[in-house]
Amino acid sequence: MAQMYPRSIPDHILRDKNRSAEIRIYELLKEQLSDRFACYYSRPWHRFTPDGAEQDGEADFIVAHADLGLLVIEIKGGRVSCRAADGQWISVDRHEIAYEIKNPIEQAKRSKYRFIELLKNSRDWRPRKFPAFHAAILPDSSRPQNALGADAPLELFAFGNDLGALGVWVEQRMRGDGERSLGPDGMEALHRLLATKFELRPHLARSISDDLRQIERLTAEQSWIIDSLEENSQMAVSGPAGTGKTVLALEKAMRSAAGGKRTLFTCYNAALAAHLRTRCGPIENLTIGSFHSVCGSLAALANVPVPNAPERVLFARTLPEALLSAVETRPELRFDSIVIDEGQDFTDDWLVALRLCLGDSDNGEFYVFHDDNQRIFSSERSFLRALPTSKYRLNRNLRNTRAIHRTLTPWYDPRRVIALGPEGQPVEWIECKDRQQAHAHAATVVTTLIRTKQLQPSEIVVLTGGRREDCELFRRGEIAGVRLTTAEDSGNSGQIVGDTVRRFKGLEAKCVVLVDTDVLTEPELIYVSLSRASVLLYIVGGKEGLKRLKCS
């Protein structure tokens with residue numbers, strides 16, 4: 001049985017009564033030729049002539065054999081004749097309706113030369129001569145006694161009489177000389193020309209824009225949750241990366257401020273706080289700041305001194321104690337509403353200190369949004385477990401495309417998280433032999449995205465799994481002629497952010513290029529690193545590092 005392409009005839013052709021002769025020949029070739037033959041049905045071609053004109057055509061069948069070469073066949077159904085006066089070919093159907101048709105031998109010959117030309121120009125072709133033939137099949141006509149013309153000897157035709165042994169006729173028509181052949185590689189090259197599938201990837205800029213619009217729409221729709229929680233003055237809202245916690249937390253803070261309440265929005269990450277201040281601008285009744293900066297600023301307003309201390313002690317105890325002293329010294333500095341993002345990174349003592357900053361610690365608004373899948377800066381949970389009057393868990397990933405979400409899945413906790421975003425571009429895993437090559441590849445990715453205008457520099461973030469000062473890629477200070485900046489200064493338009501996974505926690509970008517994956521070993525940091533990109537993620541590193549991140 002011959003190898004047929006397509007494997008079966010599409011339904012729309014089977015329903016076309018004008019293709020009945022071609023369908024019969026398809027089945028006969030399939031049944032009567034061996035599997036050493038490849039048969040391609042209905043292969044169109046197009047050609048630009050030297051003078052700029054365009055020509056097109058179609059080969060009804062191309063039959064190929066590694067030893068015998070190729071045969072281009074034209075099919076003409078109906079009762080076929082040729083007018084002597086002008087050489088016009090005619091086909092009469094079963095309803096006795098006559099149609100003018102093209103000379104099938106000329107058609108087959110033109111297609112043969114066109115496909116030979118295309119094959120010889122193919123990058124897969126090794127130059128050599130091979131047998132190539134053309135012919136016509138007239139399945140509804142009987143074999144005549146004489147040639148159909150000087151250019152149409154009977155040897156070029158198969159008729160209704162020949163269909164019972166059509167396979168034999170094909171082999172006789174492909175009379176290879178035994179010295180020249182198409183060969184297995186020629187068969188492969190011809191197959192790529194005639195039957196190779198292709199898939200065009202969409203232009204990234206357009207694709208990313210479409211994906212982002214869908215993500216933004218989903219995130220905006222999430223605001224109904226704040227409405228449903230309105231009756232709860234104090235509660236914890238949990239959810240993994242991508243579920244819209246920061247957006248909801250900011251929405252809650254802005255609503256409280258709009259209602260006339262003195263409101264604090266705070267988080268652990270200074271870069272995230274700086275980003276949100278830039279994004280929101282000044283809003284009446286709303287203070288946005290990282291926890292330790294809020295401690296320092298309120299202490300300064302209350303003239304409370306902050307003693308010198310080692311950095312670890314300063315952040316763990318000294319600044320939180322100064323915050324409590326500040327609100328005790330000046331009670332008017334207390335807030336009516338406090339909204340905390342990244343609550344998983346706050347120690348119990350810090351959360352207690354913040355709650356004591358409420359004017360009414362029992363009835364004032366106190367919302368903690370936290371990722372119950374992360375424990376990067378704090379492993380304490382007792383305050384969060386005891387806090388809420390009500391609990392709410394977000395379980396829909398709105399920020400990441402589904403392709404990125406699948407990469408994250410092994411690093412989520414066992415509870416189900418549903419990805420609602422668009423499918424998006426596949427995550428690209430780029431394996432390199434060493435860190436130097438990885439940095440070079442990362443720079444190439446960024447350069448290509450910018451120079452082909454797929455993305456703006458400010459839409460790209462390069463993250464290192466290690467320390468910023470240890471990343472050779474960042475020491476240059478630029479990529480593709482564009483300056484690098486830090487996560488905290490990401491508001492600078494026209495620059496590429498190059499920073500650490502830790503410092504970018506809580507933030508997001510359209511595109512993230514992750515490097516130095518060999519030092520990413522903590523599950524929580526891997527989880528953060530893979531969840532920062534909303535629509536485009538490149539992971540560059542050595543074999544073992546990539547294997548660890550893939551959980552394979």
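Analyst: Helices (H or I, at least four residues) and strands (E, at least two) are DSSP runs, numbered from the N terminus. This is a predicted model, in which local features need pLDDT of at least 70, side-chain atom pairs count only at pLDDT 80 or more, and totals for chains, interfaces and linings use all residues. Residues are numbered from 1 along each chain as its sequence is written, and side-chain values use heavy atoms, with hydrogens and water left out.

User: In which helix is the place of H191?

Analyst: The helix concerned spans residues 183-195. H191 therefore has its place in helix α5.

User: Is H191 buried, partly exposed or exposed?

Analyst: Buried means under 20% relative accessible area, exposed over 50%, and partly exposed in between (1.4 Å probe, protein chains only). The relative accessibility of H191 is 21%, so H191 counts as partly exposed.

User: What kind of peptide bond joins Y5 and P6?

Analyst: P6 is found in the loop between β1 (3-5) and α1 (11-14). Omega for the bond between Y5 and P6 is about 5°. The bond is cis.

User: How many disulfides does the structure hold?

Analyst: A disulfide is counted as a pair of cysteine sulfur atoms within 2.5 Å. C39 is buried at 0% relative accessibility, and C267 is buried with a relative accessible area of 0%. The number of disulfides held by the structure is 0.

User: How many residues apart in sequence are the parts that the pair D345 and K505 ties together?

Analyst: A salt bridge is a side-chain nitrogen of Lys or Arg within 4 Å of a carboxyl oxygen of Asp or Glu. The side chains of D345 and K505 meet in such a bridge at 2.4 Å, N to O. D345 lies in the loop between β13 (337-340) and α12 (348-355), and K505 in the loop between β22 (496-500) and β23 (509-515), so the pair ties together parts whose separation in sequence is 160 residues.

User: Are D345 and K505 buried or exposed?

Analyst: The relative accessibility of D345 is 0%, so D345 counts as buried. For K505 the relative accessibility is 2%, and K505 likewise counts as buried.
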